[in-house]
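Thanks for coming, everyone. I'd like to walk you through one structure today, so please have a look at it while I talk.

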Amino acid sequence: MCITSTINIIYVVRHYISPDNNVFMMSTTSGTGDSQTNTSDNQSGQRYGLFDETYQLFLQTFTANFMLILEHQNNASLYCPSIPPNLQGPIIIHEPPENFSVLNTSPYYPEVQHGGRYHPKTCLARHKIAIIVPYRDRWDILRRFLFHTHRFLQRQQLDYRIYVCEQAFDKTFNKGIVMNSCFKEILNLEPNTICFIMHDVDLLLIDDRNMYTCPSYPRHLSVAIDKFDYYLPYPELVGGVLAMRREHYILVNGYSTNYWGWGGEDDDMHKRITNKHLILERPPASIARYKMLKHTHQKLNPSRMKVLRTAHIRIDSDGVNNVKYKLLNTSFHHLYTHFLIDVGEQKRH
């Protein structure tokens, strides 16, 4: 209302001082001679020209801004609700049906696109995420993970895609190389991905209010795991499920590639996050709850603590910016995209 009134006032003033309506000025100067009349006409023309330019500039600026506001309002009305309406809270974990297949098209998730991609059909997702799952030799666990995870991610109304990143060959496992190479390959496939969630395959979320999104800072999502009686074992823990924005992953240079065998790389990631002055967030333990599937643990890396002591001096020289690997194969299954990665050989000192 105020903006409309302002435009109307400007229009009236502009119309009043227009040369076509300048009767008063002409009548008061008619007896003073042609030279004075011409001078007055020139001055009024200059005043009108300046005002007209100002008016046109104002009108153009207002129109452009008004259209942007309308576009923003239209887009906002298309977005999914900030709190998804179909969240259930605590989740009962169900075993996959016998006919549930990981490799073939699954009738249980008809809206999931080939490659493990999903986005809501009735609204525009507020978050686009990539879920990175490091994997090797846990086929039954992967099957249970995919059956369970797709279900609650759809309720969270996310634009998501699940990437299973498998280390090839029977070599010593290197999670850092697997994670960093997968991060780079995802950006090759979908460069506009801004949120990455690093997710152990053996963890199943049991409360869907724990949103799989990336806030302003890195967020450790797996706070309370049944194996640890739903308590955080130690404050530096960021393993399990970790959400990071793309720019933060690049800032900390991803994961260290110097940890061969099980253990150490997640504690190294915590040092990278704090070293780069990022705040580590955690949702409440009352909702950040997970069930750990039973599996055979790998042998601990005996040199992990020695490597960890030098974590702070390797941040900018050891990570995603210089990771070496070979992408052997990329395959697209119904419920996930699969990267097969050769991490190379461990250097012997």
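By buried I mean under 20% relative accessible area, with exposed being over 50% and partly exposed in between, using a 1.4 Å probe and protein chains only. So that you know the ground rules, this is a predicted model, in which local features need pLDDT of at least 70 and side-chain atom pairs count only at pLDDT 80 or more, while totals for chains, interfaces and linings use all residues. Residues are numbered from 1 along each chain as its sequence is written, and side-chain values use heavy atoms, with hydrogens and water left out.

Helix and strand names follow DSSP runs, numbered from the N terminus: helices are H or I with at least four residues, strands are E with at least two. On that basis the protein chain has 8 helices and 11 strands.

What are the partners of S4? S2 runs parallel to S4, joined by 4 bridges, and S8 runs antiparallel to S4, joined by 5 bridges. I call two strands paired if DSSP finds at least two bridges between them. To pick out particular positions, Ile-131 has Ile-197 in S4 as its bridge partner, and Cys-195 has Arg-245 in S8.

Stay with Ile-197 for a moment. Leaving aside neighbours within four places in sequence, Ile-197 is in contact with Ile-129, Ala-130, Ile-131, Ile-132, Tyr-212, Thr-213, Leu-221, Val-241, Leu-242 and Ala-243. Contact here means heavy atoms within 4.5 Å.

That brings us to the cores. A nonpolar core is a set of buried Ala, Val, Leu, Ile, Met, Phe, Trp, Tyr and Cys residues joined through side-chain atoms within 4.5 Å. Which residues touch the most other members of the largest one? Of its 39 residues, they are Ile-162, Ile-197 and Tyr-212. The elements giving two or more residues to this core are strand S2 (128–135), helix H4 (139–155), S3, strand S4 (195–199), strand S5 (203–205), strand S8 (241–245) and strand S9 (289–292). H4 gives the most, with 7 residues. Apart from this core lies another, of 29 residues, including Ile-177, Val-252, Met-269 and Leu-278.

Ile-177 takes us to helix H5, where 12 of the 15 residues are buried, Ile-177 among them. At the start of H5, a side-chain oxygen of Asn-174 comes to within 3.2 Å of the backbone nitrogen of Gly-176.

Beyond four places in sequence, Lys-175 is in contact with Pro-134, Asp-200, Glu-265 and Asp-266.

On the H7 side (residues 265–275), the buried residues are Glu-265, Asp-266, Asp-268, Met-269, His-270, Arg-272 and Ile-273. The buried residues of H7 pack against H5, S8 and helix H8 (304–308). After H7 comes His-277, with a positive phi near 60°.

Next, strand S11. Of the 6 residues of S11 (residues 337–342), 5 are buried, so S11 is largely enclosed by the rest of the structure. S11 pairs with strand S3 (residues 159–167) in the parallel sense over 5 bridges, with Cys-165 opposite Phe-339. Strand S10 (residues 326–332) runs antiparallel to S11, joined by 6 bridges, and Leu-327 has Ile-341 as its bridge partner. A hairpin of 4 residues joins S10 to S11.

Finally, the whole chain: buried residues make up 47% of the 349 residues. Among contacts between residues at least 6 apart in sequence, 82% join residues at least 24 apart.

Terms used: Polar contact = N/O pair within 3.5 Å; in protein donor to acceptor, adjacent residues only side chain to side chain.
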